[in-house]
Amino acid sequence: KKQIAKAPINWPQTSVPLLLVSPSQTCQLKVADRKSWAYTDGSCQVQDGKTVFGAGVYHPMSGSKNQVEPNGAGITNTIGRAELAAIAAVLAHEHTYVATISLSSLH
């Protein structure tokens, strides 16, 4: 892989390299039917000065996009809880394959 440009974003004491590579050079599907998977992600936002946690679930085959409320309170209101709530929602709807970026939710 050849570095051909730097990302325009400079963080304090950090510069992120940008690699531009043709998909045919490096990308191979490891899952034959990726559209049958359900994709989850948790998030944290500040709304009106209050921290709000939530999560989303996307299922490409059906086109469904859903918001999941983790219903945490106080110290149980965390991004980890939001991630797990999304995974639980996927399993409750009998999806077999779940994709998440939350490594702690997998253990």
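Accessible areas here come from the Shrake-Rupley method with a 1.4 Å probe. By that method, the protein chain of this predicted model exposes about 8,300 Å². Carbon and sulfur atoms supply 56% of that area. The chain has 107 residues, and 21% of them count as buried. It holds 3 helices and 6 strands.

**Overall layout**

- Along the sequence, the elements of the protein chain run β-β-α-β-β-β-α-β-α.
- Among contacts with a separation of 6 or more, 37% link residues 24 or more positions apart.

**The sheet**

- An open sheet is built from 4 strands, in the order β5-β4-β3-β6.
- Its pairing is mixed.
- The edges belong to β5 and β6. Each has a single partner strand, so one side of each lacks a neighbour in the sheet.
- Helix α2 packs on this sheet and touches β3, β4, β5 and β6. The direction of α2 makes about 145° with that of β3.

**Strand pairs and hairpins**

- Strands β3 and β4 are antiparallel, with 9 bridges between them.
- Along this pair, Gly42 lies opposite Ala55 of β4, and Gln47 lies opposite Lys50 of β4.
- The β3-β4 hairpin has 2 residues between its strands. In the turn, Asp48 has a positive phi of about 55°.
- Strands β4 and β5 also pair in the antiparallel sense, over 5 bridges.
- Ala55 has Val68 as its bridge partner in β5. Ala55 also stands opposite Gly42.
- The hairpin of β4 and β5 has 4 residues between the strands. Gly63 in this hairpin takes a positive phi near 80°.

**Helix α2**

- Helix α2 covers residues 79-92, which is 14 residues.
- At 1.5 Å a residue, α2 should span 20 Å.
- Which residues of α2 are buried? They are Ala82, Glu83, Ala85, Ala86, Ile87 and Val90.
- An α-helix has 3.6 residues a turn, so residues three or four places apart point the same way.
- The cover over the buried residues of α2 includes strands β3 (38-47), β4 (50-59), β5 (64-68) and β6 (98-99). Helix α3 (103-106) is also part of that cover.
- After α2 comes Glu94, with a positive phi near 60°.

**Leu84, in α2**

- Leu84 sits in helix α2.
- Its relative accessibility is 45%, so Leu84 counts as partly exposed.
- Leu84 and Ser102 are 18 residues apart along the chain. Their C-alpha atoms are separated by 8.7 Å.

**Thr40, in β3**

- Thr40 belongs to strand β3.
- Is Thr40 buried or exposed? At 6% relative accessibility, Thr40 counts as buried, because the cut-off for buried is under 20%.
- The side chains of Thr40 and Thr100 are joined by a polar contact of 3.4 Å.
- Leaving aside neighbours within four places in sequence, the contacts of Thr40 include Glu83, Ala86, Ile87 and Val90. These residues are among those buried in α2.
- Thr40 also contacts Gly56 and Val57.

Notes:
Residues are numbered from 1 along each chain as its sequence is written. This is a predicted model: local features need pLDDT of at least 70, side-chain atom pairs count only at pLDDT 80 or more; totals for chains, interfaces and linings use all residues. Side-chain values use heavy atoms; hydrogens and water are left out. The expected span of a helix is 1.5 Å times one less than its number of residues. Buried means under 20% relative accessible area, exposed over 50%, partly exposed in between (1.4 Å probe, protein chains only). Contact means heavy atoms within 4.5 Å. Two strands pair if DSSP finds at least two bridges between them. Axes are lines fitted to C-alpha atoms, for helices over the stretch in contact, and angles run from 0 to 180 degrees between N-to-C directions. A polar contact is a pair of N or O atoms within 3.5 Å; within protein, one must be able to donate a hydrogen and the other to accept it, and residues adjacent in sequence count only if both atoms are side-chain atoms.
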